[in-house]
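The following note sets out points on the model shown below. Please read each point alongside the coordinates.

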Amino acid sequence: MRAIVTVIGKDRVGIIAGVCTRFAEWQVNILDISQTVMQGNFTMTMLVDLEKCELPFQEVSEQLRLRGEEMQLSIRMQREDIFEAMHRV
Amino acid sequence: MISRSEIFETLEMIDQQHLDIRTITLGISLLDCADPNPETACRKIYDKITRLAANLVRTGEDIEEEFGIPIVNKRISVTPLALAAAASETEDYVPFALALDRAAAETGVNFIGGFSALVHKGFTAADRKLVKAIPRALAETERVCSSVNVASTKSGINMDAVALMGRIIKETADLTADRGSLGCAKLVAFCNAVEDNPFMAGAFHGVGEPECVINVGISGPGVVHHALLDCKGATFDVVAETVKRTAFRVTRMGQLVAREASSRLGVPFGVVDLSLAPTPAIGDSVADILEEMGLERVGTHGTTAALALLNDAVKKGGLMAASHCGGLSGAFIPVSEDAGMIASAEAGTLCLDKLEAMTCVCSVGLDMIALPGDTPAETLSAILADEAAIGMVNNKTTAARLIPAVGKTVGDRVDFGGLLGSAPVIGVHPESSAVFVARGGRIPAPLQSLRN
């Protein structure tokens with residue numbers, strides 16, 4: 001299953017590392033990543049593959065949310081299908 | 001891959017424009033629960049609903065979590081109870097409503113629809129018992145919704161049923177007077193009721209439906225409104241295109257959720273209901289869309305035309321996005337559940353007569369309208385008859401959900417809480433319709449040709 005992860009918040013050192021380290025631990029493969037900083041606001045979108053991940057989707061999602069809270073970021077993960085449905089015919 | 005801007009556009013729709021799936025409704029047939037012993041029938045009903053809907057709420061929540069899209073309501077609709085209860089040897093149908101209420105509480109759904117009777121051509125003995133039980137059923141339960149189909153294009157208007165429903169609405173208002181006559185917010189009188197409607201309070205599981213089915217109701221007035229902000233001064237051609245495009249996207253999401261829910265629950269997918277359903281939240285209003293088209297306030301001249309365009313464009317956009325469409329499909333204009341409609345009714349722009357005109361071109365009808373508590377039953381019946389006539393002649397579903405709020409008068413406000421919102425009491429004509437309603441009988445079905 002593929003999912004889109006979005007990270008939004010104030011820019012600081014170690015955001016990408018903070019998220020990606022977790023993904024490595026969980027065997028979540030990062031297929032694409034794009035980030036930008038606009039007026040001090042950090043936004044990142046990632047396409048990830050959860051095929052080899054042993055944790056259930058909900059668990060990964062919740063862990064990410066908690067990690068986001070620690071780092072004062074909004075992190076959320078949604079299945080890719082919803083974006084495909086809305087933007088691709 | 002999906003672009004960054006598409007991702008953030010979707011998130012903005014969900015976070016700021018109130019995009020959500022309004023309801024996942026599980027339709028369940030109760031025809032096999034019939035039993036001469038009413039207690040046995042109630043037990044069978046409870047057992048069947050709690051068995052089939054055991055995972056409904058949890059599945060809905062799982063889908064919400066994975067797709068990141070709110071699913072506001074998880075609900076159940078059942079076979080019109082007058083059919084399922086007809087075999088039972090009892091005069092009192094209230095226990096059936098209590099059984100439905102218990103099943104709804106056990107499964108965690110917020111509403112269960114189907115305490116219903118289809119009497120457009122006449123009453124069976126069971127229909128009479130059911131309608132008689134409606135006021136107490138709605139007063140004694142929390143989650144049960146009731147509907148009565150009093151007219152259809154093919155059979156005309158059952159004016160005996162219309163007269164009776166006026167009295168039933170009054171009685172329901174009286175029995176729930178301590179809660180702002182809330183019972184009436186869960187009672188709908190229909191013309192041309194549909195069998196696969198996922199929306200409350202009028203949902204029931206029709207006899208042509210399978211054993212069990214998933215129907216999904218979408219929403220998204222806020223998203224349509226937001227899209228129209230970029231069309232200032234543009235022609236109606238552009239407005240219609242924009243609404244269509246937006247409706248397409250929203251419906252695709254509904255179709256995705258419907259398919260997912262259907263496969264996880266192992267229940268066939270029925271329809272996506274292409275409706276624009278507002279909520280009392282600011283920015284989630286159908287009235288805002290109509291005003292964005294250039295009306296100073298919804299209810300003024302031009303409102304009916306604006307609504308006609310919106311209703312049609314929503315359907316055209318949604319049709320291609322869903323494999324099966326059905327239910328009520330169209331724009332809803334419930335007064336109490338739409339901040340813009342409330343504001344206009346309070347300002348006196350939106351009156352009952354204009355609302356009636358609007359129902360000629362939109363989905364459903366006179367919805368969640370608070371009327372003075374001293375409105376005579378005959379006047380309520382006459383309003384129902386007018387609304388049924390619109391549906392009958394125009395080959396569409398119309399409904400009336402009227403709340404004659406006990407102790408309230410024009411200018412007061414009735415608060416129902418939650419999604420049902422609050423409604424300003426609007427006036428009715430003081431002139432009597434009593435002699436008209438007292439005639440009874442049937443208004444014949446209309447001609448289907450020479451249609452001018």
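Two residues are in contact here if their C-beta atoms, placed from the backbone, lie within 7 Å. The model is predicted: local features need pLDDT of at least 70, side-chain atom pairs count only at pLDDT 80 or more, and totals for chains, interfaces and linings use all residues. Residues are numbered from 1 along each chain as its sequence is written, while chains are lettered from A and ligands numbered from 1 in the order in which they are written.

1. Domains of chain B. The domain assignment, which is automatic or from a database, divides chain B into domain 1 (19-191) and domain 2 (217-368 + 378-443). Their centres, taken over C-alpha atoms, are separated by 22 Å. Across the boundary, 45 residues of domain 1 of chain B are in contact with 50 residues of domain 2 of chain B.

2. Composition of that boundary. On the side of domain 1 of chain B that touches domain 2 of chain B, the elements supplying at least two residues each include strand E1 (21-28), strand E4 (144-152) and helix H7 (159-175) of chain B; helices (H or I, at least four residues) and strands (E, at least two) are DSSP runs, numbered from the N terminus. H7(B) gives the largest share of this side, 10 residues. By class, this side has 27 nonpolar, 13 polar and 5 charged residues. Ala, Val, Leu, Ile, Met, Phe, Trp, Tyr, Cys and Pro count as nonpolar, Asp, Glu, Lys and Arg as charged, and the others, Gly among them, as polar.

3. Contact between the chains. Chain B contributes 16 residues and chain A 19 residues. Helix H1 (4-15), helix H3 (56-67) and helix H9 (236-265) of chain B each give two or more residues to the chain B side. The largest share of that side, 5 residues, comes from H1(B). The chain B side has 8 nonpolar, 2 polar and 6 charged residues.

4. Strands of chain A. Strand E3 (residues 41-49) of chain A pairs in the antiparallel sense with strand E1 (residues 2-10) of chain A over 9 bridges; pairing requires that DSSP finds at least two bridges between the strands. Ala3(A) stands opposite Val48(A) in E3(A). Strand E2 (residues 29-38) of chain A also pairs with E3(A) in the antiparallel sense, over 9 bridges, and Ser34(A) stands opposite Thr45(A). E2(A) and E3(A) form a hairpin with 2 residues between them, and Gln39(A) in the turn has a positive phi of about 50 degrees.
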